[in-house]
Every structure is written in structure tokens, then in C-alpha cells.
Amino acid sequence: MVQTIFSDTIVALSTPPGAGALAVVRLSGPAAVAIMAAVFSKKSLAQAAGHTLHYGNLRDPASGEIIDEVVVALYRGPRSFTREDVVEISCHGSDYVVRQVLALLLRHGARLAEAGEFTKRAFLNGAMDLAQAEAVADLIAADSALSHKVALNQLRGGFSQELRDLRARLVQFAALLELELDFGEEDVEFADRTGLARLLAEVRGVVLGLLRSFELGNVIKNGITAVIAGRPNAGKSTLLNALLREERAIVSAIPGTTRDFIEDEVSIDGLRFRFVDTAGLRDNPADEVEAIGVQRTRQRVRQAAMLLYLFDLSEIAPAEVQAEMQELTSGLDLPVLAVGNKTDLASAKTIQAFEQAFSAGQVPLLLLAAGQNQGLEALQMALVAQVRGSALENTASATIVTNVRHARALETAAAHLAAVQTGLDTGRGTELLAADLRHALAALGEITGEISSEDLLTSIFTQFCIGK
């Protein structure tokens with residue numbers, strides 16, 4: 001048994017609740033093996049080596065009742081997820097069986113784990129840093145290829161190593177500045193100001209680059225809300241159904257069929273998009289309900305990450321489309337795609353007119369026939385290109401910040417590094433330079449947990465599911 005900072009043993013269901021073929025109940029702590037050995041039919045378990053599997057019966061010693069046939073996975077600390085002794089019991093996935101297993105283990109000395117407590121123990125026992133611990137939750141929640149890759153990179157320590165390298169370089173200069181304070185009366189400079197300025201420029205560049213990546217990271221983690229807006233009967237619901245590849249919205253030739261939002265998610269090239277079908281926009285709604293729908297459409301556009309302005313090629317002129325898009329997005333910094341629908345009904349002359357009108361503009365023009373599933377691939381490629389941008393093609397290997405807490409800490413570090421740079425430029429005293437450098441180091445250390453508080457840890461780990 002390995003010595004850790006915890007004296008109690010915790011237990012929880014690690015698989016989702018509800019009936020299933022199998023369920024996994026996890027124990028972690030100094031008495032994990034002893035508790036399991038007391039209720040397991042194979043008494044040799046107490047002496048078994050780690051990383052081994054054992055088949056047998058789970059039995060209540062008090063009554064002799066067999067609760068289930070199980071397979072027990074045994075991990076000896078520190079070679080386990082928590083660096084403690086860990087036992088994972090694979091039992092049948094009946095709710096009744098799981099309740100009986102948990103009750104038996106609780107009667108023999110375990111206690112129910114709190115939310116995220118297994119990962120919290122892994123962090124506090126030194127198995128991972130705080131950024132890696134948060135990546136565990138991100139990996140569990142990942143629902144696209146890119147969110148999975150980014151979370152896995154962070155779990156493997158890629159982001160943490162970059163931060164440790166930054167802190168190590170700054171710590172050297174911070175130590176020299178502190179040394180100057182110790183010899184303040186002798187007016188000695190140990191820290192080369194030119195070298196410090198050069199280092200600050202490099203570190204600030206990396207920190208600001210990480211901050212810029214948060215915009216993409218937030219999209220990768222939480223998805224992109226893309227609103228489909230346009231006049232009534234432009235084919236918005238048809239486009240939504242085509243993108244989702246299912247009949248999600250009612251399609252009718254009657255204008256104004258959609259009165260409220262209809263939305264759903266789909267993954268395109270590893271990015272998660274939430275498409276929102278909205279009520280058709282027109283100046284004179286047919287009734288009060290449609291008027292409310294139009295108002296909500298405009299509100300939803302203001303909240304969107306991207307706008308697909310859809311129009312019927314055969315029913316509107318290019319100048320009208322451009323004017324309507326400008327009016328709808330006035331004052332908004334919003335990526336827009338102009339999507340011309342019903343190419344199968346439009347003449348070649350009409351299509352050519354739209355292509356010429358949009359050829360010199362900043363808004364990309366996509367032409368399709370949503371009802372015939374024509375042109376959808378080009379639209380999907382344009383959507384992905386709008387999100388990624390040319391500078392972010394290597395998202396799988398680049399360090400991308402996806403966590404709001406990390407972004408706030410980086411903002412704090414960047415502000416204090418800027419203050420140090422200003423201090424160097426204006427000849428500010430060593431004491432002020434050292435103070436700002438300490439604050440920058442503390443902000444970077446908060447990300448990995450080198451500097452943390454109990455309140456911070458509680459806030460982070462209570463967001464985990466119980467059993468992880």
C-alpha cells in the first residue's frame with residue numbers, strides 16, 4: 001500500500017446511472033483492497049499484484065448472500081489514476097445490483113465520493129496538474145473530433161508544459177530582481193534590463209497567442225451557433241433539414257410556417273455547429289404571433305456566432321439581399337454567408353447577376369438547391385473555413401485554450417507583464433518591477449495549480465460527475 005495524503009477510502013459508480021449490461025463501481029484509498037477482499041470470494045485478492053483481473057462472487061459476509069458475479073480490476077498505488085490503491089468492480093448493470101454493491105462497500109468502511117473526488121485526489125497526490133485535471137472533464141464531455149483532440153493534448157500535458165517553460169524563464173529573472181531588493185542599499189543590478197525586456201517580449205508574445213486561441217477554443221468546446229435567417233419561404237427549414245439530414249422542421253409552401261426557433265446540432269469536419277431555423281423576416285407580419293417571431297429572429301441574430309442569410313434566387317435582386325444583410329447585421333461583428341437557394345428554379349442570367357454582385361464583396365456567396373441536396377458540401381466547407389481561418393489549420397497539434405478560467409488567468413498575466421514592460425521603459429524601481437513579475441507568475445501558476453486555494457479546487461471539481 002502506498003502512502004498518500006488521504007486516510008479514508010471513497011466509492012462511487014463510475015458508469016452512467018441506469019440499467020445496462022455492465023456497471024463499474026470504483027474504490028480508491030488506503031483500505032480499498034482490504035474492503036474488497038472482505039466481500040470477495042477469492043481471499044487471495046489481498047496479496048494479489050496490481051494491474052490484474054479477478055473473477056468471483058461479491059458476497060455479504062454477514063448473511064452469506066451472493067450479490068453478483070463480478071470481475072475485479074486491481075491497481076496498486078502509485079501506479080493508478082489516483083496514485084492510491086484502486087479497485088474497479090465490473091458488475092451487472094441493474095440499478096438494484098449497483099445499489100446493493102454500493103451499500104455493501106459502505107458498510108465495510110468506504111464512504112461515498114463527492115463529485116470529481118477521484119480526479120481531485122489524482123491532482124492532490126501529484127498524478128496530474130490542475131489543467132490536466134480539468135482536461136479529464138473536457139475529454140468526457142467531448143462530442144466532436146476537434147474537442148476530443150484538444151482535450152487529449154491538454155490531458156497529456158502539452159498546455160501545462162508550455163506554461164511551465166514560460167514560468168521557468170520568468171522565475172530566473174524574478175529571483176535576480178528579488179536579490180537586488182536584498183542588496184537595495186548597495187545600488188547593484190543583478191538582472192540585465194536589456195535581457196529582461198527581450199524575455200518579456202517573447203513571453204508576452206506566447207501569452208497573447210494563447211489568449212487569441214481562446215476564441216477558437218471556445219468554439220471547439222461549446223460549438224458554433226449559426227442562425228439561418230431570411231425572408232419567409234426562402235427555404236430556411238428545408239436547409240436546416242438538409243444540414244441535419246433529418247426532417248427536423250416542418251416544410252410548407254405557405255410563407256411564415258416557422259414562428260419560433262427550431263435548432264439542433266451537427267458535427268462538420270470535427271466542429272460542432274448548432275443551426276437555428278428562425279421565423280421569416282418581413283416588414284409587415286401577418287399577425288401578432290408572426291411579429292413576435294420576427295422580433296425573436298433579430299434578437300437571435302445578435303446572439304449568434306455566425307449568420308447564414310438565405311434567400312430565394314428567383315424572388316429577390318442582389319441589391320436587395322445586400323441591403324437586407326447590412327440592415328440585419330448593423331453594429332454587429334458577425335461572420336456572414338450569403339446563401340442563394342433554389343438554383344434549380346433560377347435562370348442562368350439570374351445566377352450570373354448574383355455572382356457578379358458578390359464577386360468584389362467581403363461576404364462569401366454560396367449557391368445551392370437545399371430541396372435537392374445540391375451545393376451542401378460547398379456550404380459545409382465554407383462554414384468550416386469561416387470558423388478556422390487560414391492561420392488555424394493545425395488545430396490538432398497547436399496549443400489551444402478552451403477553458404474560461406485559463407483565459408482569465410492569461411489575461412491577468414498579460415496585464416502584469418505589460419506593466420513590467422512599462423516599468424522598464426520608464427525606469428520604475430526594482431520593487432515595483434518585482435511585484436508585477438510576481439503577480440504574472442502567480443497568474444500562470446493558478447492555471448496548473450502550482451498556486452491554488454480550496455475555494456478554487458471546490459469550484460472546479462464540483463463540476464465533475466460523481467465517480468470521476
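Predicted model: local features only at pLDDT ≥ 70, side-chain atom pairs only at ≥ 80, totals over all residues.
Residues count from 1 along each chain as its sequence is written, and side-chain values use heavy atoms, without hydrogens or water. Local features need pLDDT of at least 70, side-chain atom pairs need pLDDT 80 or more, and totals for chains, interfaces and linings use all residues.

Me: Is N233 buried, exposed or partly exposed?
Reply: Buried means under 20% relative accessible area, exposed over 50%, and partly exposed in between (1.4 Å probe, protein chains only). N233 has 33% relative accessibility, so N233 is partly exposed.

Me: How many aromatic pairs are there?
Reply: Rings of Phe, Tyr and Trp (its six-membered ring) pair if their centres lie within 6.5 Å. By this rule the count is two.

Me: Are the rings of F273 and F275 stacked or edge-to-face?
Reply: Planes under 30 degrees apart count as stacked, over 60 as edge-to-face, and the rest as tilted. The centres of F273 and F275 are 5.7 Å apart and the planes are at 10 degrees, so this pair is stacked.

Me: Which ring does the charged end of R121 sit over?
Reply: A charge sits over a ring if NZ of Lys or CZ of Arg is within 6 Å of the ring centre and within 35 degrees of the ring normal. The charged end of R121 is 4.3 Å from the centre of its ring, and that ring belongs to F6.
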